[in-house]
Amino acid sequence: MSQPQPQPRYRDPAAPVADRVRDLLSRMTLTEKVGQVNQRMYGWEAYERTPSGHRLTEAFRAEVAAYDGMGALYGLQRADPWSGVTCGTGIGAADGARVSDAVQRHVVEHTRLGIPVLMVEEMPHGHQALDSTVLPVNLAVGATWDPGLYEEAAALAAAQLRARGGHVALVSALDLVRDPRWGRAEECFGEDPYLAARFTEALVRGAQGPGDGRGRGPVSYGADRAAVVLKHFAGQGATVGGRNSAATELGLRELHEIHLPAALAGVRAGAAGVMAAYNEFDGVPCAASRELLTGLLRERWGFTGLVMADGQALDRLTRLAGDPVAAGALALEAGTDLSLWDDSFPRLAEAVRRGLVRESVLDAAVGRVLALKFRLGLFERPYTGERESPSGLVELSVRIARESVVLLRHDGATLPLTERARKVAVIGPNADSVPQQIGDYTAPQPAGSGVTVLDGIRAAAPEDGEVAYARGCELVGGDPSGIPAAVALAAASDVAVLVLGGSSARESGTRFDSNGAAVVSSARPADMTCGEGVDLAELRLPDGQSALLSAVAATGTPVVVVLVQGRPHAVAEDLAARAGAVLSAWYPGPWGGRAVGEVLFGAAEPVGRLPVSVPRSAAQLPVFYNGKDHGYRGYADQPATARHAFGHGLSYTTVEYGAPRLSRSSVAVSASGGIPELTCVVEVANTGARPVRETVQLYVRRVLGGSSWPRVRELRGFDRIDLAPGEHAEVSFTVGTRTLASVTRSLERAVEPGTFEIGTGPSSDRTLGVRLTVDPEPGRA
């Protein structure tokens, strides 16, 4: 009688992950190893929908057979015009886990070692799949200045993804809006590294759960937690001219001061992975930069997770390497672990045989892929099974939308709309369209779902009020034929609400690059004015919208402008001045119209604050608030300041700030570059008649000293407080080493001796400051 075979070490759940990885690697062939670092198949090509259900395709079976396994499968449940997946051909919530399990079962049962596959899904603002809940875009999330709220939403979005069989969530978090002409501005939390870092931490904590305390993520993932891959590393928001995937002109200091803090925060929070950006840095594409991916990320920061390539980015390296085989070797040697749709990594076995890369380097990458699979528990629990999708995410989507509305301009009388506004005219191309308020990277929404701005205004208006609608103009173009009807409606109303802005809605006829970016240009126009691949040279409203605003304002009826947008538009000053109020709603998600209606009628207070500066025109860019302080006075025909500064946002009441008080006026810096902790206290008072949720902001400005030219000011803290009418409170900030640290000549962060101004206020351009002297350590020059 034969004896039972001992269980392989990699199958022992009690064994340390490192031991399991080592044992499994020792059993793998070169072909199997290459399969584990590949993710070249589009997930929607792995199945087909038939009258009797979904079935796996021969193409999927062939892909698994080619490598006797599969490392990762991207976008099994993705649906959008680029993938061509619709409500009629895709995977709904009811079938998500079942199809995912069918894929997993085939891989586990039809390969020699039975290594499970990672199911990788897009989660830019909710899981990008049919029937999944869409959240407001990241720029709206940043406008809430509430990382705790986003952490709640990220947790539920990850649970929704896991309930459908996904394991890894790809989430934009690391890019910054340094040029709002860039079409992917909506995917950013804002223009500021500190703000982005706080939201990146919240994202990782919410989606993955608490880390191990050592910056390495959870020891194991719960069944409702997803591994997060942060996009994009690094500097992609700094491309020249706001052009997608273009070159950058970053220096090392700018990279470290502005574009790396969010990534470092995500790594310290334990993010499972990062995605290498398309852009090059110092002449080398990020996916091929050993200095960035290995020297900085792994060796200096101690990152042990995955580095994923962006879609087809490795194939672009053939211009440097000469052929796809050498391109794959170049990326692997640099520190890229996992491919995405390219033809280079599938040929890594040939690269090893040709001596272009050592097999030990491949083993390290495979080991990181396997380690994540072990930590996710896929070897013990490869299947999702029947699992209930979490509830509550719709309400969180509405809460984010509500808290993201920014009141940019107000005459103090027009809003909130009161009983006097019996007849409300709602006008504009963005007033009655759910697709135009949900942003890029979204799946088709069920017919009749969502709440448009028009719906939200009707719901919030008094029962005996009258709300009428006229489109007025198209989103783009200058056709004036709809303006007369809109003018007539406005003239007969008590107030006109103009809902203008842009759209990232991809239509079935949209053309796409091979990596999924929309192809929209002056030679191939479309109604898309934002989104990946949709960069603008101008930030003004389209001609038709500007003409509509001008004509309606000329009626004398009070006008409120609501901008539904994915980037800050530069509304002409003469037009904005003719409106009683201007609000930015960013892309507030499917139910965002409900939030806008509540704010307009005063059922909710406007609490959003700008995560980006709003320029006067594209001609004055850049206008980010934290540029270098060279004392530039501006162009001869325009000032240097933004129309609305970073952090700006009005409320329906008035708030006054006292001068900040520091617990000490001077400290000494230690040899290690640290200082004792101080306390900064500021008194804030609600001097108006309505309640307010005020975002108190802390800024640091170097006045004297340091090893590099200082910035105008830098955000270093914020707190949100609720004040009733007439109430005042003290807000306290800790001012310590992290508050005052800057990037030194050695590219490390430390406090350098000098004079600082610690400022507090409601925005970056309205602060009161107090001086702090930082002296060298006693006895040191």
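Select Tyr-441: this residue sits in the loop between strand E12 (423-427) and helix H17 (453-460). Helices here are DSSP runs of H or I with at least four residues, strands are E runs of at least two, and both are numbered from the N terminus. Tyr-441 has a positive phi of about 55 degrees although it is not a glycine. Is Tyr-441 buried or exposed? Its relative accessibility is 11%, so Tyr-441 counts as buried. The cut-offs are under 20% relative accessible area for buried, over 50% for exposed and partly exposed in between, with a 1.4 Å probe and protein chains only.

Before you click on, know that this is a predicted model, in which local features need pLDDT of at least 70, side-chain atom pairs count only at pLDDT 80 or more, and totals for chains, interfaces and linings use all residues. Residues are numbered from 1 along each chain as its sequence is written, and side-chain values use heavy atoms, with hydrogens and water left out.

Go to Gln-312 next, in the loop between strand E10 (306-308) and helix H11 (313-316). Gln-312 is not a glycine either, yet has a positive phi of about 60 degrees. With 19% relative accessibility, Gln-312 counts as buried.

Now for peptide bonds. Pick Phe-233 and Ala-234: the bond from the one to the other is cis, with omega near 5 degrees. Ala-234 belongs to the loop between strand E6 (227-233) and helix H8 (252-259). Then jump to Leu-621 and Pro-622, where the peptide bond is cis with omega near 0 degrees. Look for Pro-622 in the loop between helix H21 (592-600) and strand E17 (655-657).

**Two glycines**

Select Gly-355, in the loop between helix H14 (348-353) and helix H15 (359-375). Gly-355 counts as exposed because its relative accessibility is 59%.

Draw a line to Val-571 and you get 37 Å, C-alpha to C-alpha, for a sequence separation of 288 residues.

**Helix pairs**

Show 147-163 and 193-208 as cartoons. These are helices H6 and H7, packed at an angle of about 35 degrees with axes 7 Å apart. Axes are lines fitted to C-alpha atoms, for helices over the stretch in contact, and angles run from 0 to 180 degrees between N-to-C directions. Which residues of H6 and H7 meet? On the H6 side they include Tyr-150, Ala-154 and Ala-158, and on the H7 side Phe-199, Ala-202 and Gly-206 are among them. Contact means heavy atoms within 4.5 Å. The residues of this contact divide into nine nonpolar, one polar and three charged. In this count, Ala, Val, Leu, Ile, Met, Phe, Trp, Tyr, Cys and Pro are nonpolar, Asp, Glu, Lys and Arg are charged, and the others, Gly among them, are polar.

Switch to H18 (residues 483-491) and H19 (residues 543-553), which pack at about 35 degrees with axes 9 Å apart. H18 passes H19 in a right-handed crossing. Display Ile-483, Ala-486, Val-487 and Ala-490 of H18 against Gly-544, Ala-547, Leu-548, Ala-551 and Val-552 of H19 to see the contact. That makes eight nonpolar, one polar and no charged residues.

**Zoom out**

Select everything: you now have 22 helices and 27 strands. The C-alpha trace spans about 95 × 80 × 45 Å along its principal axes. A compact globule of 781 residues would have a radius of gyration near 28 Å, and the protein's 27 Å agrees. That radius is taken over C-alpha atoms, and the globule rule is 2.2 Å times the number of residues to the power 0.38. Color by accessibility, and 62% of the 781 residues come up buried. Of the contacts with a separation of 6 or more, 77% are between residues 24 or more positions apart.

Notes
Left-handed = near helix turned anticlockwise from the far one by under 90°.
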